[in-house]
Amino acid sequence: MDITALLAQAANLMLTGMVGVFVFLSILIIAVKGLSKFAAPDEPVQPRSQAAKSKPAGAEQVPGEHLAAISAAISQYRNQHFPSEK
């Protein structure tokens, strides 16, 4: 076989592969869009109340003395290890 025949066969194979991938991806996109419409929720999700979002659940359980001790420890650590950031 000469080079022209080989190049024509390669171009034919490349074109066939590209068309096959394009068709497969098109079918996949159509299927996903169809399934998303089929599986869409019928009723909208109700947002939670504002009171539930305002305070974290564990915020009331930590005593003020513990928060003061943690803040002091962090401050002391920063002063010892990063004195140039003041």
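Across the protein the average pLDDT is 85, and 84% of the residues score at least 70. Where pLDDT is low, the predicted coordinates should not be read in detail. Residues are numbered from 1 along each chain as its sequence is written, and side-chain values use heavy atoms, with hydrogens and water left out. Local features need a pLDDT of at least 70 and side-chain atom pairs count only at 80 or more, while totals for chains, interfaces and linings use all residues.

The protein has three helices and zero strands, these being DSSP runs numbered from the N terminus (helices are H or I with at least four residues, strands are E with at least two). Helix α1 covers residues 3–38, and its 36 residues reach 52 Å from the first C-alpha to the last, close to the 52 Å expected at 1.5 Å a residue; the expected span is 1.5 Å times one less than the number of residues.

Of the 86 residues of the protein, 0% count as buried, and the count of buried residues in α1 is likewise zero; buried means under 20% relative accessible area, exposed over 50%, and partly exposed in between, with a 1.4 Å probe and protein chains only. Leu15, which lies in helix α1, is exposed, with a relative accessible area of 53%. Together with Val19, Phe22, Val23 and Ile27, Leu15 makes a nonpolar surface patch of about 510 Å². An α-helix has 3.6 residues a turn, so residues three or four places apart point the same way.

The structure also holds one aromatic pair. The ring centres of Tyr77 and Phe82 are 6.3 Å apart and their planes stand at 70 degrees, so the pair is edge-to-face (ring centres must lie within 6.5 Å, and planes under 30 degrees apart count as stacked, over 60 as edge-to-face and the rest as tilted). Tyr77 is partly exposed at 46% relative accessibility, and Phe82 is partly exposed at 40%.

Definitions and conventions:
pLDDT is the predictor's confidence in each residue, from 0 to 100. Patches are made of residues with over 30% relative accessible area and no salt bridge: like charges are joined within 9 Å, nonpolar side chains (Val, Leu, Ile, Met, Phe, Trp, Tyr) within 5 Å. Accessible areas come from the Shrake-Rupley method with a 1.4 Å probe; for residues, only the protein chains shown count as cover. A salt bridge is a side-chain nitrogen of Lys or Arg within 4 Å of a carboxyl oxygen of Asp or Glu. Rings of Phe, Tyr and Trp (its six-membered ring) pair if their centres lie within 6.5 Å; planes under 30 degrees apart count as stacked, over 60 as edge-to-face and the rest as tilted.
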